[in-house]
Amino acid sequence: MLTRHRFPILLAMVVMCGGLMPARVAAQQDANEVLATALAEAARTDRLVFLHSGADWCSWCKRLERWLERDDIAPIFFKDFVEVKIDVEAMEGGQELMDSYTSGPAGLPWLAILEPDGTVVVNSYAPNGQNIGSPQAEWEIEHWNTMMRTAAVRITEEEIEYMAKTWAEDRQAP
């Protein structure tokens, strides 16, 4: 019989074993399946995939995510891109997926714009070989602009300049 004294112990054991942790379900997603869903959506909507690899602890990743969610950025950005975030630590196959697209060491966030067939159009390695991540420095913002000019179809030059301006205005570390 389950008494009042044993119930808290049982509840603590269930929680410790993950039985009541629905937030972990998303983290158990397969990175390749998440990407495949985004690629299919891109094909269906005639857009490209904006792939960003990150981790829960990455403050620069959170800065990028906040920027993408801005009311003045989202309507511009998502005209051309389907977003997919791959958590390299929490998602099954996350690190391996990122490694399959990178050509060497890459910090987080790491970015790539993909065709609906998964082919890389452009990535966040600047000409100097460094990853721009969530752009802050002038050279990082300039490479961001290059990425947009290379891949964007519906986003105008004025909108690319506006996005660059918002990055430049937010030069504080996250």
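Helix 7 (residues 138-151) and helix 8 (residues 157-169) have axes that come within 10 Å and cross at roughly 155 degrees, where axes are lines fitted to C-alpha atoms, for helices over the stretch in contact, and angles run from 0 to 180 degrees between N-to-C directions. Helix 7 is therefore roughly antiparallel to helix 8; angles under 35 degrees count as roughly parallel, over 145 as roughly antiparallel, 65 to 115 as roughly perpendicular and the rest as oblique. The crossing of helix 7 and helix 8 is right-handed (a crossing is left-handed if the near helix is turned anticlockwise from the far one by less than a right angle, and right-handed if clockwise). Helix 7 contributes I141, W144, N145, M148 and R149 to the contact, and helix 8 contributes E157, I160, E161, M163, A164, W167 and A168, contact meaning heavy atoms within 4.5 Å. The contact of helix 7 with helix 8 comprises eight nonpolar, one polar and three charged residues; Ala, Val, Leu, Ile, Met, Phe, Trp, Tyr, Cys and Pro count as nonpolar, Asp, Glu, Lys and Arg as charged, and the others, Gly among them, as polar.

The model is predicted: local features need pLDDT of at least 70, side-chain atom pairs count only at pLDDT 80 or more, and totals for chains, interfaces and linings use all residues. Residues are numbered from 1 along each chain as its sequence is written, and side-chain values use heavy atoms, with hydrogens and water left out.

The secondary structure of the protein consists of eight helices and four strands, where helices (H or I, at least four residues) and strands (E, at least two) are DSSP runs, numbered from the N terminus. Along the sequence the pattern is α-α-α-β-α-α-β-α-β-β-α-α. Of the 174 residues, 43% count as buried (buried means under 20% relative accessible area, exposed over 50%, partly exposed in between, with a 1.4 Å probe and protein chains only). The protein exposes about 9600 Å², of which carbon and sulfur atoms supply 56%; accessible areas come from the Shrake-Rupley method with a 1.4 Å probe, and for residues only the protein chains shown count as cover. Among contacts between residues at least 6 apart in sequence, 63% join residues at least 24 apart.

Helix 8 also packs with helix 4 (residues 59-69), at an angle of about 135 degrees and with the axes 12 Å apart. Helix 4 and helix 8 are therefore oblique to each other, and their crossing is right-handed. In this contact, R63, L64 and W67 of helix 4 meet M163, T166 and W167 of helix 8. By class, the residues of the contact of helix 4 with helix 8 divide into four nonpolar, one polar and one charged. The buried residues in helix 4 are C61, R63, L64, E65, W67 and L68. Their cover includes strand 1, helix 5 (74-77), strand 2 (81-87), strand 3 (110-114), helix 7 and helix 8.

W144 belongs to helix 7 and is buried, with a relative accessible area of 0%. Not counting residues up to four places away in sequence, W144 touches F50, W67, F77, L111, I132, P135, M163 and W167. The C-alpha atoms of W144 and N123, which are 21 residues apart along the chain, are separated by 9.2 Å.

For helix 3 (residues 31-45) and helix 6 (residues 94-101), the axes come within 8 Å and cross at roughly 60 degrees. Helix 3 is therefore oblique to helix 6. A31, N32 and L35 of helix 3 make the contact with G94, L97 and Y101 of helix 6. The contact of helix 3 with helix 6 has four nonpolar, two polar and no charged residues.

S53 is located in strand 1 (residues 48-54) and is buried, with a relative accessible area of 1%. Leaving aside neighbours within four places in sequence, the residues in contact with S53 are C61, I86, V88, M98, L108, P109 and W110.

Two backbone features complete the description. Most residues other than glycine have a negative phi, and most peptide bonds are trans. L108 and P109 are joined by a cis peptide bond, with omega about -5 degrees; P109 lies in the loop between helix 6 and strand 3. D46, although not a glycine, has a positive phi of about 55 degrees. D46 lies in the loop between helix 3 and strand 1 and is exposed, with a relative accessible area of 59%.
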